[in-house]
Amino acid sequence: MPFCIEDELKKVPNLPGVYLMHDETDTIIYVGKAKNLSHRLHQYFQESHSEGAKKDVMVTLIEWFEYVVTDSEVEALVLECNLIKEHRPKYNTLLTDDKTYPFVKVTLGEQFPRVIFSRELRQDGSAYFGPFVSAGALKDLIGLLVKAYRIRTCRSLKGHERACLNYHIGQCDAPCQGEVDEEAYLERIKQVMEFLGGSFTPLIRELKEKMETASSELRFEEAASYRDMYRSVLALREKQKITHLDDTRTDRDIAAVARDGGNAVVCIFFIRSGRMTGSDEVLLHAGENDDDAKVLSYFIEQFYGSAPMVPPEILLPIEPEDRTVLENYLTGLRGGSVRIRIPQRGEKNRMVELASKNAVMKLTKDRDRLLAEEARTVGAVREIETLLGEEGLYRMEAYDISNISGVYPVGSMVVYEGGKPKKSDYRRFTIKTVEGPDDYASMREVLTRRFTHVGGGFEHRPDVIMMDGGRGQVNICLEVLDSLGIEIPVCGMVKDERHRTRGLYFNNVELPVDTHSEAFRLITRIQDEAHRFAIEYHRSLRNKGQIKSILDDIDGVGEKRRKSLLLTFKSVDRIREATEEELAAAPSMNAKAAKTVWDFFHNGKKTVDNPKNVVDNRYN
């Protein structure tokens with residue numbers, strides 16, 4: 001029976017829950033929550049009621065709706081967040097990007113703890129500090145702490161026959177060799193944690209003393225190293241001085257919004273132990289009639305719904321919509337009390353005002369850039385979704401094969417999420433079971449290995465697979481997925497006779513793509529990236545094989561002498577042209593070894609299957 005909206009409205013209960021609006025293609029175009037489902041759904045279809053221009057258009061597209069009853073408003077909010085994240089409906093207020101922020105992790109569960117970079121918070125006994133906005137700056141900070149406090153970096157204390165390089169250059173005391181007292185090491189870790197908590201003075205004093213001592217003893221290179229670390233810590237202290245709040249015991253976030261029509265920017269400050277660890281701006285697509293209170297409510301729902309950490313306190317300039325429900329929701333996420341506060345005076349109010357000013361500046365100054373970035377990433381993904389008739393294509397994986405006449409065949413897997421490359425999930429494959437130039441068989445091996453493994457970066461399944469090629473490569477992928485009982489959309493990135501992207505092969509049809517569209521540009525970037533990643537790996541394997549085949553075959557020339565020859569002469573061609581006297585003059589060489597090398601190239605075995613000029617970049 002056809003869906004009759006008037007009849008179905010009569011059946012909706014007066015209970016809290018979540019509703020989903022569908023268009024004529026069954027696509028979910030809006031997800032909402034309600035304290036009273038019946039009252040809220042009736043509002044949409046009353047002629048006298050307006051949801052704003054954007055949602056009024058949405059109402060005309062509704063063909064049918066469904067709803068889920070929940071026990072409470074908080075449960076409805078949790079379900080709404082999950083459904084929005086899964087379906088990303090067109091007419092919802094959405095964050096344009098699901099951001100993840102990095103943390104400093106101190107592995108207190110280990111005998112000799114490490115200080116490492118992490119994007120996840122786990123209940124593993126470790127201490128976490130953050131979040132930080134810049135991953136690069138955080139890695140620099142960790143590097144500084146590791147050097148200053150000589151913290152170990154090796155992942156395991158087992159199986160080390162000798163100390164690593166860090167020990168020999170004075171950056172680690174080799175706990176793996178039993179060279180450091182555990183109690184003294186843990187005291188250093190305590191100092192690191194105090195530093196991350198905002199206590200800069202002890203490290204500043206220590207670095208200054210070491211700098212002055214090294215300088216007085218004429219160890220100028222070491223003194224310069226301490227000087228650079230000293231300046232870095234001073235700069236970090238000055239940056240955080242201005243954000244020091246009166247209450248240093250509480251972690252909190254500070255957020256404020258600026259809007260311009262359907263565009264909104266939320267500026268958020270991350271305050272930990274009274275000091276700012278970072279700030280960021282988040283772009284949202286909002287309804288034109290949504291006020292600041294509603295936009296902030298949407299932001300809190302979605303931002304903290306996927307955040308690894310929820311602070312006990314959030315400061316806002318105005319009260320968000322459904323404040324009590326939001327507090328209960330955040331308390332459930334955190335596992336402890338969370339309060340939303342609207343400060344009226346003092347330092348906290350000043351910081352909220354500062355966040356508001358930053359949001360306004362960001363919206364006016366960077367709006368065009370933010371929108372352009374959103375168009376080339378998330379916007380391009382939406383265009384591809386429309387082209388393929390698919391929804392929720394957040395994670396895309398692309399595959400390519402590279403070989404020359406079947407030599408050193410390799411496969412590449414590149415990953416894009418939200419239209420941006422996620423290089424940490426890239427993987428490369430050395431082909432193990434295929435001999436000769438058989439791209440189809442090689443691709444079958446790559447895909448089988450990828451989709452039969454769990455872990456090692458393969459935990460997440462793609463929403464769509466992009467094959468470098470047309471019908472043949474797509475069919476290989478579909479065969480592998482079918483044999484494993486996996487259903488994932490697969491399309492081929494087809495190129496023309498000039499090797500330029502032409503269209504997408506999907507469901508046995510080649511779909512043309514507008515060459516001026518963001519979708520076309522994204523497809524081209526993905527295809528080029530998969531090809532580049534495969535080519536680089538293939539080239540590295542080929543170069544290693546070439547170098548080994550010509551120099552490692554000379555009797556009497558081991559690793560040390562090979563390194564010496566290549567550092568001295570730079571290429572195999574120059575080694576071949578050198579006299580015995582010139583060869584003998586190279587470090588680690590002698591007259592006997594020089595004669596052996598000269599005889600190899602002139603009187604003995606000739607290697608003809610390698611290029612003349614080969615440089616071993618390992619020694620450059």
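How are helix 10 and helix 11 oriented to each other? They run roughly parallel, a label that applies to angles under 35 degrees, while over 145 counts as roughly antiparallel, 65 to 115 as roughly perpendicular and the rest as oblique. The model is predicted, so to speak of local features takes a pLDDT of at least 70, and side-chain atom pairs count only at pLDDT 80 or more, whereas totals for chains, interfaces and linings use all residues. Residues are numbered from 1 along each chain as its sequence is written, and side-chain values use heavy atoms, with hydrogens and water left out.

Helix 10 covers residues 292–305 and helix 11 covers residues 323–334; they pack at about 10°, with axes 11 Å apart. Helices here are DSSP runs (H or I, at least four residues; strands are E, at least two), numbered from the N terminus. Axes are lines fitted to C-alpha atoms, for helices over the stretch in contact, and angles run from 0 to 180 degrees between N-to-C directions. On the helix 10 side, Ser297, Ile300, Glu301, Tyr304 and Gly305 meet Leu326, Tyr329, Leu330 and Leu333 of helix 11, contact meaning heavy atoms within 4.5 Å. By class, that contact has 6 nonpolar, 2 polar and 1 charged residues. Here Ala, Val, Leu, Ile, Met, Phe, Trp, Tyr, Cys and Pro count as nonpolar, Asp, Glu, Lys and Arg as charged, and the others, Gly among them, as polar.

Helix 10 also packs against helix 4 (residues 73–87), at about 70° and with axes 10 Å apart. That makes the two roughly perpendicular. Leu77, Glu80, Cys81, Ile84 and Lys85 of helix 4 touch Glu301, Gln302 and Gly305 of helix 10, and the contact splits into 3 nonpolar, 2 polar and 3 charged residues.

Elsewhere, helix 5 (residues 135–149) and helix 7 (residues 182–196) pack at about 145°, their axes 11 Å apart. Leu141, Leu145 and Tyr149 of helix 5 meet Arg188, Gln191, Val192, Phe195 and Leu196 of helix 7. This contact holds 6 nonpolar, 1 polar and 1 charged residues.

The charged end of Lys139 sits over the ring of Phe117, 5.1 Å from its centre, and Arg450 lies over the face of Phe451, at 4.5 Å. The criterion is NZ of Lys or CZ of Arg within 6 Å of the ring centre and within 35 degrees of the ring normal.
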